[in-house]
Amino acid sequence: MRKLFSVLTAAAFALSIAAGGCGKEKSPPQPQPARKAIAGTEKKAAPKPRVKLFTGTIEVLDAAAGTLTLKGPRGERRFQVPEKVKEQLDGLVIGDKVIVKHIDEMALSIVKPGANINAQTSKVKERPVNEVAPVPQAEKK
């Protein structure tokens, strides 16, 4: 009987330890220190396209297809004109000198040199009238 009691006590003790270990909350994993990147192993993001200007004379103009070919000091360039910029093609003819703001082969705006900067947004830039501010008068006592 004594032997049975010792075995049951040992089993109860082992069970209490096992149950106690399972009941503990696990702590969240510790954040690992950031690894220093080895130079040249990182993937570089693709560079963002830059907006550029191209000045030239119109050689080919196809408003229906939305294409424009210019000949300038840096050679001949062909541009695609999106729908929102096609209205800027109105009034242009072959032989006109224009400035095209573009990203790669996509034209963002087309203006004639010396034109109003806000012409593409169809806003007229008004010059402020120089008004003379009233001179403050001394207070009367």
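A salt bridge is taken here as a side-chain nitrogen of Lys or Arg within 4 Å of a carboxyl oxygen of Asp or Glu. The model is predicted, with local features requiring pLDDT of at least 70 and side-chain atom pairs counted only at pLDDT 80 or more, whereas totals for chains, interfaces and linings use all residues. Residues are numbered from 1 along each chain as its sequence is written, and side-chain values use heavy atoms, with hydrogens and water left out.

A search of the whole structure returned 3 salt bridges. One of them joins the side chains of Lys-86 and Glu-83, at 3.0 Å from N to O. Both residues belong to helix 2 (residues 83–86) and are 3 residues apart, about one turn of the helix; helices (H or I, at least four residues) and strands (E, at least two) are DSSP runs numbered from the N terminus. Glu-83 is exposed, at 62% relative accessibility, where exposed means over 50% relative accessible area, buried under 20% and partly exposed in between (1.4 Å probe, protein chains only).

A salt bridge also forms between the side chains of Arg-77 and Glu-105, with an N to O distance of 3.1 Å. This pair links distant parts of the chain, 28 residues apart: Arg-77 is in strand 3 (residues 75–80), and Glu-105 is in the loop between strand 4 (97–103) and strand 5 (106–111). Arg-77 is partly exposed at 24% relative accessibility, and Glu-105 is partly exposed at 40%. Arg-77 also lies over the face of Phe-54, 5.7 Å from the ring centre; this assignment requires NZ of Lys or CZ of Arg within 6 Å of the ring centre and within 35 degrees of the ring normal.

The side chains of Lys-112 and Asp-96 form a salt bridge at 3.6 Å, N to O. Lys-112 lies in the segment after strand 5 and Asp-96 in the loop between helix 2 and strand 4, so the pair ties together parts 16 residues apart in sequence. Lys-112 is partly exposed (38%), whereas Asp-96 is buried (17%).

Val-81 is in contact (heavy atoms within 4.5 Å) with Gly-66, Leu-68, Lys-86, Leu-89, Ala-107 and Ile-110, not counting residues up to four places away in sequence.
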